[in-house]
Amino acid sequence: MVTLLGISGSLRKGSLNTALMQAAAALPADGYRMDTAGIHGIPLYDGDLEEAEGIPAVVTALKEKIIAADGVILFTPEYNNGIPGAFKNAIDWLSRPSSDMAKVFGNKPFALVGASPGNFGTLLSQNAWLSVLH
């Protein structure tokens with residue numbers, strides 16, 4: 001069985017992207033299942049905080065979910081024509097320490113999807129993610 005992990009990059013209660021993720025996770029599936037996660041509770045990245053206290057438990061828990069998954073789907077909003085700061089911040093934490101990057105991100109397929117009431121959806125956000133995920 002293939003395990004996918006959906007991560008919503010929105011903090012809003014009424015998020016379209018969280019709703020899209022939950023709808024995708026609820027679809028009947030043969031051969032795969034989709035777990036879900038969010039980015040609530042992840043502090044702003046601060047190298048001094050990392051040095052003093054290590055990786056926050058909420059980040060470690062999300063890392064473990066990513067590592068356990070066969071693939072990850074990022075459900076991304078678009079804020080000001082780009083990546084939501086809170087979502088990029090989560091990725092910054094997930095890449096720490098740098099020695100964990102291969103374990104968390106290496107050889108793992110990532111997909112981007114997004115929902116927006118605007119005419120262009122989340123096209124600009126998804127384009128901005130490409131340089132982060134490359």
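Reader: In α3, what makes V59, L62, K63 and I66 count as buried?

Author: This is a predicted model, and in it V59, L62, K63 and I66 of α3 are buried, which means that each has under 20% relative accessible area.

Reader: How do you know that the buried residues line one face of the helix?

Author: Look down the axis of α3: its buried residues fall within an arc of 105 degrees, so they sit along one face. On the other side of α3 you'll find A57, E64 and A68, which are exposed. The cover over the buried residues includes β1, β2, β3, α4, α5 and β4.

Reader: What makes the reach of α3 close to the expected one?

Author: α3 runs over residues 57-68, twelve residues.

Reader: Why is G71 called buried?

Author: G71 has 3% relative accessibility. The cut-off is under 20%, so G71 counts as buried. G71 belongs to strand β3, and it touches T3, L4, L5, K108 and P109, leaving aside residues up to four places away in sequence. As for L4, its C-alpha atom is 4.9 Å from that of G71, though they're 67 residues apart along the chain.

Reader: How do you know that β1 and β2 pair?

Author: Pairing takes at least two bridges, and β1 and β2 have six, so they qualify. They run in the parallel sense, and one of the bridges joins I7 to A37 in β2. Together with helix α1, β1 and β2 make a right-handed β-α-β unit.

Terms used. Residues are numbered from 1 along each chain as its sequence is written. This is a predicted model: local features need pLDDT of at least 70, side-chain atom pairs count only at pLDDT 80 or more; totals for chains, interfaces and linings use all residues. Side-chain values use heavy atoms; hydrogens and water are left out. Helices (H or I, at least four residues) and strands (E, at least two) are DSSP runs, numbered from the N terminus. A crossover is right-handed if, with the strands pointing away from the viewer, the path from the first strand over the helix to the second runs clockwise. Buried means under 20% relative accessible area, exposed over 50%, partly exposed in between (1.4 Å probe, protein chains only). Contact means heavy atoms within 4.5 Å. The expected span of a helix is 1.5 Å times one less than its number of residues. The arc is that of the directions from the helix axis to the C-beta atoms.
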